[in-house]
Amino acid sequence: MTVVIAGAGPTGLTLACELARRGIPCRVLDKAPGLFPGSRGKGLSPRTQEIFDDLGVAAAIRSGGMPMPPFRIYAGHEIVSERTLLEMLGTEIPSGPGIPYPGFWLVPQWRTDEILSSRLRQLGGEVEFGCEVVDFSQDTGGVTVSVSRAGHAEKIRAAYLVGTDGGRSTIRKVLGVGFAGDTFESERTLIGDVRADGLAGTCCHVLTRGGQVSERFSLWNLPGSDHYQFVANMDREDVPALTLEAVQKLLVDRSGREDILLRDLRWISLYRVNVRMVDRFRVGRVILAGDAAHVHSSAGGQGLNTSVQDAYNLGWKLAAVISGAPDELLNSYEEERMPVAAAVLGMSTELHHRNFAPSNGPAPQLHQLDISYRESSLSIDDRSSPGGLQAGDRAPDAALHAGARLFDVLRGTHFTLLTFGDRTPDIAGVRVQQLAPSPDYDVAESTLALVRPDGYIGVITESERTVREYLTRVR
């Protein structure tokens, strides 16, 4: 039987690509007539870029985007400062041989969706648009999905149903799981894509009257496009009409700039900031991922990135269970991703309330390279004296021979066993790669490190038996 994925945004498309490249049939259904047309989630974290590298779309992502531009802050017509994203947010991104993508990459969401959709077609899949999931029921053998297509009812029998259908998820509502949290009722955010005449330079143009960013109208240059993304926060009582004329007036009111002319409004949206998370990511054969499972402020650009990583964590596990691995493997999806989602909710809320003001606490870590599953039941580290790198951590990249990289070896759907001495275990279906101990891999030469298909270390041990026993649980 197939897997039905409800929602063709970055989460659903990433999951579909993960399943398709493992030979798992899936149907991606979306009620919209086509891919999302706007730039909404536009900043790809270093970790998300690594995921897209593994999915085979790194070149397209690089050519379709650009490094995150600086913030240029204006007081009327005067440029008063220019600061990087990291300076604005008070954070930093580590660099070194273990990090192949040491910065955020700006790609409008519509282009990310197009790239992932194209990759899915290369893998033999397709999105079915105009096809809305309206209900479902499940039993021990599968899920019966009720679909409305062009006004006609249809039922699809599936092995699993995954809801990646956004913050207003139908799948979540029918499933009936809790969705606790807060809504910032007094605030609204206006966002959209528009052309703008009268600006020079490639920046996030932060337009203000007096240089204070608390009341601003931001215009982001979008790579390979004549459009800008505009963003403006406001009180609920101050929301304008969702028209080009009203947006133009808001720009003038916020900046005093009548020389900047907006035109060609491509899309516009008004939203309330919700900070909510489900109390279960999985109920039987129905699973939630991305915004269907957790929503939060856009501050810090964590939404799309966290959602893509949900799909990446889930994809190999779902494929393994369908192919015969123990069903308990799917429990680790919620076990590993729920704490990450909770942490992101807290961090993005703190950044939202700061509103670019300096932080009195530790710098927020937005790169997502430090996400670890050390406490997971899938992380086994039986060494008497673990080092800095432990089971559950992301496997760093490393230089090999003749210009090759470890990530070239990890790319794909397999498990990889890293050895650091002269041991070459022969384990069916596992690729073996020898490395030299290094600051990123601070291990003894007798160590074995098993890297999961999603690039996280499942096992660090000196025992081949430990590795073999672990593999019986995950495939």
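**Aromatic pairs and the core**

Tutor: Let us begin with Tyr441, which counts as buried because its relative accessibility is 1%. Please keep in mind that this is a predicted model.

Student: Which ring does Tyr441 pair with, and how far apart are the centres?

Tutor: Tyr441 pairs with Phe420; the ring centres are 5.9 Å apart and the planes meet at 40°, so the pair is tilted. Phe420 is in the loop between E23 and strand E24, and Tyr441 is in the loop between E24 and strand E25, so the pair ties together parts 21 residues apart in sequence.

Student: Is Phe420 buried or exposed?

Tutor: Phe420 is counted as buried, at 3% relative accessibility.

Student: How many aromatic pairs are there in the whole structure?

Tutor: Seven were found. One of them joins Trp316 and Phe415 edge-to-face, with 5.7 Å centre to centre and 90° between the planes. Trp316 belongs to helix H8 and Phe415 to strand E23, 99 residues apart. Both Trp316 and Phe415 are buried.

Student: Changing topic, how many residues are in the largest nonpolar core?

Tutor: That core has 83 residues, and those with the most contacts inside it include Val3 and Leu318. Helix H8 supplies the largest share, ten residues.

Student: Where does this core lie relative to the domains?

Tutor: Domain 1 and domain 3 both contribute residues, so the core lies between them.

Student: What sits over the ring of Trp110?

Tutor: The charged end of Arg266 does, 4.7 Å from the ring centre. Lys42 lies over the face of Trp220, at 4.3 Å from the ring centre.

Definitions and conventions:
Residues are numbered from 1 along each chain as its sequence is written. This is a predicted model: local features need pLDDT of at least 70, side-chain atom pairs count only at pLDDT 80 or more; totals for chains, interfaces and linings use all residues. Side-chain values use heavy atoms; hydrogens and water are left out. A nonpolar core is a set of buried Ala, Val, Leu, Ile, Met, Phe, Trp, Tyr and Cys residues joined through side-chain atoms within 4.5 Å. Buried means under 20% relative accessible area, exposed over 50%, partly exposed in between (1.4 Å probe, protein chains only). Helices (H or I, at least four residues) and strands (E, at least two) are DSSP runs, numbered from the N terminus. Domain bounds come from an automatic or database domain assignment. Rings of Phe, Tyr and Trp (its six-membered ring) pair if their centres lie within 6.5 Å; planes under 30 degrees apart count as stacked, over 60 as edge-to-face and the rest as tilted. A charge sits over a ring if NZ of Lys or CZ of Arg is within 6 Å of the ring centre and within 35 degrees of the ring normal.
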